[in-house]
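Reader: I have a structure to go through and have not looked at it before. Could you take some questions as I go?
Author: Go ahead.
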Amino acid sequence: MNLKGVLLLIFLFHTVVNATRPVITLSADEYGASIWIIGILTSTFAFLPLIFSIHAGKIIDKIGDRLPIIIGFVSLIAGMIVPAAFSTIWSLFASQLLLGIGNISIPIALQNQLGHQTTKKNRDYYFSMFSLCVAFGAVVGPLMGGYLSEHISFQIVYIVCVGIGLTAIIFSLKIPKAEQQIHRKPTKMIDSIKLLESPLIRRALFSSALVLYSKDIFVAYFPLLGKQMDLSTSTIGWIIALQGLATMFVRFVLPKLLEIYKREFILFVSIFVAGIAFLLLPLTSSVLVIAFLAIMMGLGLGCGQPISMTTTYNASPPERTGEVLGLRITINRLFQLIAPAFFGVIGGSVGMAGVFLFSGVFLVGGSLLFKGKKGEED
């Protein structure tokens with residue numbers, strides 16, 4: 001499979017994720033779940049990746065990328081069938097666990113495959129395109145999920161996503177088998193944790209986690225805030241899609257920005273801007289202003305992921321790229337697991353506005369860690 005196939009697969013995966021996660025939140029609300037339970041439900045998506053991503057990365061280093069990708073899409077399909085067949089809060093939890101299995105193997109294996117097929121010279125460009133396809137999925141997914149759920153039903157969203165998953169499996173069969181197994185002494189968990197001794201890897205992983213958790217908070221809780229503002233489901237879908245569209249745009253220009261500015265400066269400005277947008281969002285009820293702030297969030301959050309992926313891959317020992325990418329996913333999922341539950345408690349105590357205000361403060365504070373940092377070659 002060429003690089004275009006890798007990009008197509010990550011687009012299909014994120015289309016399904018972004019089509020269903022807002023629908024999962026709204027379904028849970030329809031079933032009478034409290035904000036706290038919805039926070040726990042949102043965290044469930046990150047639970048299995050948190051535990052197994054490093055181990056999965058080691059397996060991918062050993063057996064190659066194709067089988068883990070296929071297993072991931074099979075799990076994704078199962079995660080769509082359950083809520084389509086059973087209209088209960090427990091089916092939503094089962095769906096998120098199954099989707100989490102896919103979210104272990106698919107991103108790690110596809111990033112690994114992309115890294116193997118690129119060189120240090122063109123890797124920034126292709127990881128930006130990879131992230132662009134993730135963002136494209138974040139545009140198409142909410143629009144598809146919003147319109148299908150509003151005009152037909154929540155269940156039809158899951159059924160359409162089963163079809164997308166089957167299409168992805170067909171393309172996954174074209175992923176090349178591993179040329180040879182890597183024979184090396186098995187590493188322990190402590191050896192994986194020691195990879196964080198690299199300041200370059202530490203900053204890359206922190207920026208990635210900060211960005212990803214913020215996008216997760218927005219996707220999980222903005223539908224509830226929008227509902228309080230009497231926005232329609234399709235309008236909520238459009239606003240989430242606008243954030244994704246802005247993320248796509250900034251990833252088109254990111255390779256050029258990286259030629260002009262240091263990585264740390266780009267991370268500082270982008271995360272700071274996203275934090276300010278989070279702070280301002282609950283202070284307005286104007287759809288146009290909300291849409292503008294969502295775009296600013298997208299522009300800010302869109303820079304972190306591709307920069308962290310390239311930096312992480314380049315800083316990895318050649319025979320441990322899957323393991324390091326697995327460590328990156330683990331850190332991301334730790335934030336995704338803790339943050340929704342934490343902000344669910346905040347939302348239950350002080351309301352939806354508190355979720356966005358606290359998240360904005362956290363982003364602005366996190367951005368300061370990159371201010372004035374000296375760039376390092378990767």
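Reader: Which residues form a nonpolar patch on the surface?
Author: First, a caution: this is a predicted model. The nonpolar patch on its surface is formed by Phe272, Ile276, Leu280, Leu283, Val350, Leu357 and Phe358. Together they have about 610 Å² of accessible area.

Reader: Which elements give two or more residues to that patch?
Author: Helix H10, residues 263-280, and helix H14, residues 352-367. H10 gives the most, with three residues.

Reader: And Val350, where is that found?
Author: Val350 is in helix H13.

Reader: Is Val350 buried or exposed?
Author: Exposed, because its relative accessibility is 54% and the cut-off for exposed is over 50%.

Reader: Let's step back. What does the secondary structure of the chain come to?
Author: The protein chain has 14 helices and zero strands. Read from the N terminus, its elements run α-α-α-α-α-α-α-α-α-α-α-α-α-α.

Reader: How much of the chain counts as buried?
Author: Of its 378 residues, 60% count as buried.

Reader: Give me one of those. What about Met297, buried or exposed?
Author: Met297 is buried, since its relative accessible area is 0% and buried means under 20%. Its place is in helix H11, which covers residues 287-301.

Reader: How far apart are Ile54 and Leu325, in sequence and in space?
Author: In sequence they are 271 residues apart, and in space 7.8 Å, from C-alpha to C-alpha. Ile54 sits in helix H2, residues 35-63. Ile54 is also buried, at a relative accessible area of 4%.

Reader: Now for holes. How many cavities of 30 Å³ or more does a search of the whole structure find?
Author: Four. The largest cavity has a volume of about 460 Å³.

Reader: Which residues are closest to the centre of the largest one?
Author: His14, Val134, Leu212, Lys215 and Gln305. They belong to a lining of 28 residues.

Reader: Which elements give two or more residues to that lining?
Author: The helices are H1 (3-30), H4 (89-117), H5 (123-151), H8 (199-228), H9 (233-260), H12 (304-315) and H13 (321-350).

Reader: How do the lining residues divide into nonpolar, polar and charged?
Author: There are 11 nonpolar, 11 polar and six charged residues in the lining of the largest cavity.

Reader: One last topic. What is the phi of Asp230?
Author: Phi of Asp230 is near 65°, which is a positive value in a residue other than glycine.

Reader: Where is Asp230 found?
Author: Asp230 is in the loop between H8 and H9.

Reader: Buried or exposed there?
Author: Asp230 counts as exposed, at 69% relative accessibility.

Key
Residues numbered from 1 in each chain as written. Predicted model: local features only at pLDDT ≥ 70, side-chain atom pairs only at ≥ 80, totals over all residues. Heavy atoms only, no water. 1 Å grid on protein atoms, 1.4 Å probe; cavity = no way out; pocket = protein on both sides within 12 Å on 5 of 7 lines; lining within 4 Å. Points joined across faces, edges and corners; volume = space filled by probe spheres on them. Helix = DSSP H or I, 4+ residues; strand = E, 2+ residues; numbered from the N terminus. Nonpolar A, V, L, I, M, F, W, Y, C, P; charged D, E, K, R; others polar. Patch = residues over 30% accessible without salt bridge, like charges linked within 9 Å, V, L, I, M, F, W, Y side chains within 5 Å. Areas by Shrake-Rupley, 256 points an atom, 1.4 Å probe, with all protein chains shown as cover. Salt bridge = Lys/Arg side-chain N within 4 Å of Asp/Glu carboxyl O. Buried < 20%, exposed > 50% of the residue type's maximum accessible area, 1.4 Å probe, protein only.
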